[in-house]
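This report describes one protein chain for a reader who is new to structures. Please look at the sequence and the model before reading on.

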Amino acid sequence: MNNAIAGFSKLSKEEKINWIATEYFTNPTDAIATIKQYWNSDESLQKLHDEFIENTITNFYLPMGIAPNFLINGNYHSVPMVIEESSVVAAAAKSAKFWSTRGGFKATVLNSEKIGQVHFLYKGDVAKLEQFFKQTKSKFYSETDSITKNMQKRGGGILDIELRNKTNELENYYQLHATFETKDSMGANFINSCLEQFAKTLKQEAQNFSDFSDDEKDIQVVMSILSNYVPNCIVRAEVSCKVEELAEKNITNPQEFAEKFVQAVKIAEIEPFRAVTHNKGIMNGVDAVVLATGNDFRAVEAGVHAYASRSGKYSSLSHAKIENGIFTFWMEMPLALGTVGGLTSLHPLVKMALQILGKPSSHQLMQIVAVTGLAQNFAALRSLTTTGIQEGHMKMHINNILNQFETTDEERKTIRKHFENNTISHASVVSFIENLRK
């Protein structure tokens, strides 16, 4: 491509596709065929998907799998997961089955506050601003009544509004720091609407505050926006059992396994290079369920990793200990999730996922998501401290390699038979395929 295009968004869907195909592909006909191959045959359903985002040309498929046997707070769940990475769903299911016979997972929502801020500049006497805020605070509530009315009926709304002085970090910088309860909705639109009204009220009331000078009345609102860092929207997930109950096929010495497992977690607590990969494994499980239920995995990722750095050093989200012969593995993480609004009421597969989960409340979904992350982490650490991570992963990944080389059913049988007793790696599988075809 050597030229920019003007008015792309105004083109029809067909025109967009034709332009992409002719501009970027040597065989436009094949490109168009591939794009249209992923359209839904139901025109109304395809139109629904087209309107989720802008400039849509097709659908991008990701696999949706199920990890069954999650025993959480005494109830069984089959957990829908949307992810492209081999072995994630299998690992989650294996952990779920393992812990279902050892008391299952316990999960608790510790808090569910969400945060939004109005960022503004004020040049003047701090004492005057503080007095102005005290006098005006009630108006921030009253002038958002029309926005918060329905949320209040569901038990949510604005919890508190604070004036925060940040001038020691940035000249003339202050915040209205607000906390919210949004119940079963993610609440992004609700929070942002409240914040934008706060900003209007702030500027209007400043003009009427008699103690302000003309310069002090000129409050400059920089932006009004929710925060995806939610350190007071926390869920805890944990498992525990007697050390000897950890015994299974690959854990013949449970005491040794438990001690090694605890050490692996402690390494992730103090070593950021390990902690990032450790937490990524947790997010394999978390993101997969967040995606399946139509929630915002980017917001969750950003908030979780900020939380993992809250001490000033990036660290493990999960922790483990052995006390009085009891092995305990637990995690606390921030999760701002919703089960109403957004894609939850639009995307057919999101609605199906929530149905499979028993139409959970936002608090129940927080528990399920956190438990899936903890299960994923347990599976990874169990592999790392016993057989190694590659054995199970490559057994699952071999399918991708076989599909890549378009192997026949007969070839697959021969290949799988060979690798029952041989080490699986990408190079070894490719080499075996090439030799098989000679």
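## Terms and basis

A residue is called buried when its relative accessible area is under 20%, exposed when that area is over 50%, and partly exposed in between, using a 1.4 Å probe and protein chains only.

The model is predicted, and local features need pLDDT of at least 70, side-chain atom pairs count only at pLDDT 80 or more, while totals for chains, interfaces and linings use all residues. Residues are numbered from 1 along each chain as its sequence is written, and side-chain values use heavy atoms, with hydrogens and water left out.

## The chain as a whole

The protein chain has 16 helices and 10 strands. These elements are DSSP runs numbered from the N terminus: helices are H or I with at least four residues, and strands are E with at least two. Along its principal axes, the C-alpha trace spans about 90 × 70 × 40 Å.

Of the 438 residues in the protein chain, 44% are buried. The accessible surface comes to about 22,700 Å², and carbon and sulfur atoms hold 50% of that surface. Accessible areas come from the Shrake-Rupley method with a 1.4 Å probe; for residues, only the protein chains shown count as cover. Among contacts with a separation of 6 or more, 71% are between residues 24 or more positions apart. A contact means heavy atoms within 4.5 Å.

## Salt bridges

Side chains of opposite charge can pair when their charged atoms come close. A salt bridge is a side-chain nitrogen of Lys or Arg within 4 Å of a carboxyl oxygen of Asp or Glu. The whole structure holds 16 salt bridges. In one of them, Glu216 pairs with Lys128, and the closest N and O atoms are 3.0 Å apart. Glu216 lies in helix H8 (residues 214-217) and Lys128 in helix H5 (residues 126-142), so this pair ties together parts that are 88 residues apart in sequence. Glu216 is buried at 6% relative accessibility, whereas Lys128 is partly exposed at 27%.

Asp296 and Arg298 also form a salt bridge, with 3.2 Å between the closest N and O atoms. Asp296 counts as partly exposed because its relative accessibility is 30%, while Arg298 is exposed at 51%. Another salt bridge connects Arg164 and Glu162 (3.2 Å, N to O). Arg164 is partly exposed at 31%, and Glu162 is partly exposed at 30%.

## Aromatic rings

A pair of aromatic rings is described by the distance of the centres and the angle of the planes. Rings of Phe, Tyr and Trp (its six-membered ring) pair if their centres lie within 6.5 Å; planes under 30 degrees apart are stacked, planes over 60 are edge-to-face, and the rest are tilted. This rule gives 23 aromatic pairs. The rings of Phe98 and Trp99 have centres 5.2 Å apart and planes at 75°, so they are edge-to-face. Phe98 is buried at 5% relative accessibility, and Trp99 is buried at 0%. Ring pairs link Phe98 and Trp99 with Phe257, Phe261, Phe327, Phe329 and Phe378 in a cluster.

A charge sits over a ring if NZ of Lys or CZ of Arg is within 6 Å of the ring centre and within 35 degrees of the ring normal. The charged end of Lys13 is placed this way over Trp39, 4.0 Å from the ring centre. The charged end of Lys16 sits over the ring of Phe8, 5.9 Å from its centre.

## A nonpolar surface patch

Patches are made of residues with over 30% relative accessible area and no salt bridge; like charges are joined within 9 Å, and nonpolar side chains (Val, Leu, Ile, Met, Phe, Trp, Tyr) within 5 Å. Met64, Ile66, Leu349, Met352 and Ile356 form a nonpolar patch on the surface, and their accessible area together is about 410 Å². Ile66 belongs to strand E1 and is partly exposed at 41%.

Asn172 is not a glycine, yet its phi is positive, about 65°. Asn172 lies in the loop between strand E5 (157-165) and strand E6 (173-181). Lys183 also has a positive phi, near 55°, and is placed in the loop between E6 and helix H7 (188-208).

Val430 is part of helix H16 (residues 426-436) and is buried at 12%. Leaving aside neighbours within four places in sequence, Val430 is in contact with Ile401 and Phe405. Val430 and Phe405 are 25 residues apart in sequence and 8.4 Å apart in space, C-alpha to C-alpha.
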